[in-house]
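Please walk through the structure shown here, starting with its aromatic rings and ending with single residues and their surroundings.

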Amino acid sequence: MPDNHDFLSQKCMWVNGPIIVGAGPAGLAVAASLKKNEVPYVILERSDCIASLWQKRTYDRLKLHLPKQFCQLPGLPFPDTYPEYPCKKQFIDYLESYAKHFDIEPRFNQTVLSAKFDETSGLWRVKTIVETSKSEFEYIGRWLVVATGENAERVIPEIEGLKEFGSEITHVCDYKSGEAYRGKKVLVVGCGNSGMEVCLDLCDHNASPSMVVRNSVHVLPREVLGKSVFELAVSLMKWIPLWLVDKILLVLAWFVLGNMEKYGLKRPSAGPLELKNTQGKTPVLDIGALAKIKSAEIEVVPGIKKFLPGRVELVDGHIRNVDSVILATGYRSNVPSWLQGSDFFNKDGFPKKQFPNSWKGKSGLYTVGFTRRGLAGASADAIRIAKDLGQAWKQETEQAKKLVILRRRCISHF
């Protein structure tokens with residue numbers, strides 16, 4: 001039962017329509033799709049801008065890894081003047097224009113402390129703290145859309161001696177350019193798309209990167225004969241099974257990139273698409289790092305045993321001097337830290353249901369941006385959510401209109 005004291009002691013707001021948490025691409029896609037279905041909403045964002053991951057926590061040289069047609073949000077394509085792989089600034093400009101086009105105005109600096117469904121009232125209660133004033137606020141409504149995504153918080157691995165290393169340690173979310181690392185020996189921990197691209201950027205700025213490759217990894221060419229490998233895979237999956245598409249991709253990778261195992265890059269036993277679907281592990285799309293590995297400008301090293309002051313000991317027993325460490329160790333969902341009383345998410349902050357059934361839970365709970373299928377997956381879920389909420393909103397408004405008419409008739413009768 002809602003606590004009357006809570007309602008009186010803090011600012012509250014009734015929300016007509018859903019409460020959306022997160023104003024990244026996923027949240028914007030839901031908001032725009034709801035607008036098209038004439039459903040009102042409130043969108044909450046902890047930062048002071050939309051798409052804060054892109055605006056504040058990405059490196060300068062970043063470009064979309066997939067062709068733009070797979071990254072556009074519902075209702076507004078990229079400008080024709082944009083290249084096939086838009087850069088960071090172009091993508092941010094697109095998102096800003098998207099928000100303006102659909103008149104999306106998030107409530108910024110609102111960090112969600114908790115969100116809980118009240119069984120008695122049948123309402124969601126979302127408590128926030130306003131970062132600028134440190135005052136608490138509560139939003140109350142029928143529906144909740146979780147749009148904080150897969151990359152809400154950085155992941156810092158627990159490695160023996162990391163705190164005693166003594167030199168500079170940076171997570172990739174704070175890395176902007178290799179300019180600050182000129183002439184330095186840099187250890188990059190992680191071999192995903194970010195780790196590979198940071199190593200390439202360091203090479204371009206005359207640094208000496210070593211990349212830690214602890215596990216197996218799929219590396220695919222981004223293009224073959226000028227055509228996107230991802231686009232090819234999407235086309236093939238319409239006609240042949242996934243396992244066969246994986247076989248074709250691996251043959252193409254061998255043909256274009258050669259045998260990578262001799263350079264320390266061992267492939268997993270599962271295919272790249274199978275691994276993506278089952279474990280969410282994205283294959284690396286090579287844009288030049290592999291050539292630097294072959295020329296020894298990027299050195300591949302095994303896992304880390306422990307850090308020492310100014311040095312690192314690897315699992316093969318070798319000890320290396322290192323000037324700086326960059327942790328390209330990824331991100332995680334933060335949903336378990338604030339969503340209460342729901343068993344829809346697992347301990348890692350992902351829906352327990354698998355795609356394409358992960359977008360809707362119980363009691364008016366919806367999720368977007370957790371499909372492990374990038375912007376295209378988020379867009380697909382946003383359209384499903386907006387359609388479902390559009391129907392629910394229409395039913396509720398029709399019932400409300402009937403009640404108003406009935407009330408007027410009763411008043412006129414008396």
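A charge is taken to sit over a ring if NZ of Lys or CZ of Arg is within 6 Å of the ring centre and within 35 degrees of the ring normal. In this predicted model, the charged end of Arg372 lies over the ring of Phe350, at 3.8 Å from the ring's centre.

Aromatic pairs, counted for centres within 6.5 Å, come to 18. Among them is the pair of Phe78 and Tyr82, with 5.9 Å from centre to centre and 35 degrees between the planes. Phe78 and Tyr82 are both buried. They belong to one aromatic cluster, which is formed by Trp54, Phe78, Tyr82, Phe91, Tyr94, Tyr98 and Phe102.

The next element is a sheet. Strands of a sheet pair through backbone hydrogen bonds, either parallel or antiparallel. Here, three strands in the order S17-S18-S19 make an open sheet with antiparallel pairing. Strand S17 (304-308) and strand S19 (319-321) stand at the edges and have a single partner strand each, so one side of each lacks a neighbour in the sheet. From one strand to the next, the twist averages 25 degrees. S17 and strand S18 (residues 311-314) run antiparallel and are joined by four bridges. Leu308 has Arg311 of S18 as its bridge partner.

Two single residues remain. Gly17 is in the loop between strand S1 (11-14) and strand S2 (18-21). Is Gly17 buried or exposed? Its relative accessibility is 2%, so Gly17 counts as buried. Apart from residues up to four places away in sequence, Gly17 touches Pro40, Trp143 and Trp393. Gly17 and Leu34 are 17 residues apart along the chain, and their C-alpha atoms are separated by 9.3 Å.

Asn193 is located in helix H5 (residues 193-204). With 16% relative accessibility, Asn193 also counts as buried, because the limit is under 20%. Which residues is Asn193 in contact with, leaving aside neighbours within four places in sequence? They are Tyr59, His65, Thr282, Pro283, Val284 and Leu285. For Leu285, the backbone nitrogen lies 3.0 Å from a polar atom of the Asn193 side chain.

Technical notes:
Residues are numbered from 1 along each chain as its sequence is written. This is a predicted model: local features need pLDDT of at least 70, side-chain atom pairs count only at pLDDT 80 or more; totals for chains, interfaces and linings use all residues. Side-chain values use heavy atoms; hydrogens and water are left out. Rings of Phe, Tyr and Trp (its six-membered ring) pair if their centres lie within 6.5 Å; planes under 30 degrees apart count as stacked, over 60 as edge-to-face and the rest as tilted. Buried means under 20% relative accessible area, exposed over 50%, partly exposed in between (1.4 Å probe, protein chains only). Two strands pair if DSSP finds at least two bridges between them. Helices (H or I, at least four residues) and strands (E, at least two) are DSSP runs, numbered from the N terminus. Axes are lines fitted to C-alpha atoms, for helices over the stretch in contact, and angles run from 0 to 180 degrees between N-to-C directions. Contact means heavy atoms within 4.5 Å. A polar contact is a pair of N or O atoms within 3.5 Å; within protein, one must be able to donate a hydrogen and the other to accept it, and residues adjacent in sequence count only if both atoms are side-chain atoms.
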